[in-house]
Amino acid sequence: MNYLSVKDIDSITEWVSDAIELKSKPLSFKDLGKDKTIGLLFFNPSLRTRLSTQKAAQNLGMTTMVMNFDKEGWALEYEDGIIMDQGKSEHIKEAAQVISQFCDIIAIRAFASLEDKEKDKAEIVLNGFAKYASVPIVNMESSVGHPLQALADAITLEEDKKRLEGRKPKVVLSWAPHPKALPHAVANSFVEMMQKQEADFVITHPKGYELDPEITGTTRIEHDQAKAFEGADYIYTKNWSSFDQYGKVISKDPSWTISAAKMALTNDARFMHCLPVRRNMVVEDSVLDHGNSLVIEQANNRTFSAQTVLKKILENLK
Ligand code: SN0
């Protein structure tokens, strides 16, 4: 069993309720991963993903190996049949098989290049490991998705929406400005997660920031941010670069920053963001520091998201 995308969740209701159960008793399966090792491979920086996945593994009794592959590993080649006379030292074929000798599960973070749309869509790093490793693979944010984040977000929504007493929530995914070109992964997986939920879900972004239409499908897109915010119960914010003009920053329009004035248009909405977040660029201090911000609980739920996934994989190994 791999966890490569939100599509690998067979029953979201079951996985979220498992996660909430684990959260109430994190050590109830502390022997399940005894004598098992997880290898965490990072091709990009990480704070929450690294520590929460390590914590999740520890709660299940596993041993963790961490490698910052971008700085400490050999530069990997992913193409087949190539003459390796350039900068790449090792082929993914050997690397994935070798790591499989030491680890029972391999988790990988490899962001989008934002340069080559086709290569990014093909998920060459994640799928390369999935193809050549002989152990289960977990996605810790790939070029296309961040399914551990999306599962944590689903857990956070499930816990918080109790205050709505059964009413279907209105959830808005809003683009916000950022100085750098960022990947689509977090937004993509959140969209896929929301498509599995009972919710009135709307995406809002300036024209030109459409996500991959193969992912958004028939999900409603509203280009007027104020209109999208009307009556919202949740404002999930994220910056992403253009998909159409692949990887380009086509606008940093500050009128899209999440402000207290904009939150006032909502139905006392809770603010969500995966972090890290650029204060007063993506969101004003007053919104992030407000009691309605769920960002720290989202980060906390990363542990139980990862623990749910690792528990299922470990149960499948037996
Ligand atoms: C990453 C992203 O996919 O947008 C990771 C989010 C979990 N975020 C960044 O790279 C932010 C970098 C920055 O300089 O703000």
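Predicted model: local features only at pLDDT ≥ 70, side-chain atom pairs only at ≥ 80, totals over all residues.
Reader: What makes α1 and α13 roughly perpendicular to each other?

Author: Helix α1 (residues 12-24) and helix α13 (residues 295-317) pack at an angle of about 110°, with their axes 9 Å apart. Angles of 65 to 115 degrees count as roughly perpendicular, and the two helices are therefore described in that way.

Reader: How do you know that α1 and α13 meet, and which residues are involved?

Author: Contact means heavy atoms within 4.5 Å. On the α1 side the residues that meet α13 are Glu14, Trp15, Asp18, Ala19, Leu22 and Lys23, and their counterparts in α13 include Asn300, Asn301, Phe304 and Gln307. The residues of this contact of α1 with α13 divide into 5 nonpolar, 4 polar and 6 charged.

Reader: How is the protein divided into domains, and what shows that domain 1 and domain 2 are in contact?

Author: The bounds come from an automatic or database domain assignment, which gives domain 1 (6-145 + 302-317) and domain 2 (148-298). The C-alpha centres of domain 1 and domain 2 lie 26 Å apart, and 32 residues of domain 1 are in contact with 34 residues of domain 2.

Reader: What makes the lining of the second largest pocket one that draws on each of the domains?

Author: At least three residues of that lining come from each of domain 1 (6-145 + 302-317) and domain 2 (148-298). The second largest pocket holds about 510 Å³ of space and is lined by 22 residues, with Arg109, Phe111, Glu141, Leu275 and Pro276 lying nearest its centre. By class, its lining has 9 nonpolar, 6 polar and 7 charged residues.

Reader: Which features of the backbone are found at Leu275, Pro276 and Glu141?

Author: The peptide bond from leucine 275 to proline 276 is cis, with omega near 5°, and proline 276 is found in the loop between β11 (270-272) and α12 (285-288). Glutamate 141, in the loop between β6 (137-139) and α7 (147-160), has a phi near 105°, which is a positive value in a residue other than glycine.

Reader: What is the volume of the largest pocket, and which elements supply its lining?

Author: The volume of the largest pocket is about 660 Å³. Its lining has 25 residues, and those nearest the centre are Tyr78, Lys88, Lys119, Ile124 and Val125. At least two lining residues are supplied by each of β3 (76-77), α5 (117-121) and α6 (124-132), and the largest share, 3 residues, comes from α6. Sorted by class, the lining of the largest pocket comprises 13 nonpolar, 4 polar and 8 charged residues.

Reader: Why is the space lined by Leu157 and Tyr234, among others, called a cavity?

Author: A cavity is a set of points where a 1.4 Å probe fits but cannot get out, whereas a pocket is an open set. The space lined by Leu157, Lys161, Pro169, Val171, Met194, Gln197, Glu198, Ala199 and Tyr234 is the largest cavity, and therefore one from which such a probe cannot get out.

Reader: How many cavities of 30 Å³ or more are there, and which classes of residue line the largest cavity?

Author: The count comes to 1 cavity of 30 Å³ or more, and about 40 Å³ of space lies in the largest cavity. The lining of the largest cavity divides into 6 nonpolar, 1 polar and 2 charged residues.

Definitions and conventions: Residues numbered from 1 in each chain as written. Heavy atoms only, no water. Axes fitted to C-alpha atoms, helices over the stretch in contact; angles between N-to-C directions. Helix = DSSP H or I, 4+ residues; strand = E, 2+ residues; numbered from the N terminus. Parallel < 35°, antiparallel > 145°, perpendicular 65-115°, else oblique. Nonpolar A, V, L, I, M, F, W, Y, C, P; charged D, E, K, R; others polar. 1 Å grid on protein atoms, 1.4 Å probe; cavity = no way out; pocket = protein on both sides within 12 Å on 5 of 7 lines; lining within 4 Å. Points joined across faces, edges and corners; volume = space filled by probe spheres on them.
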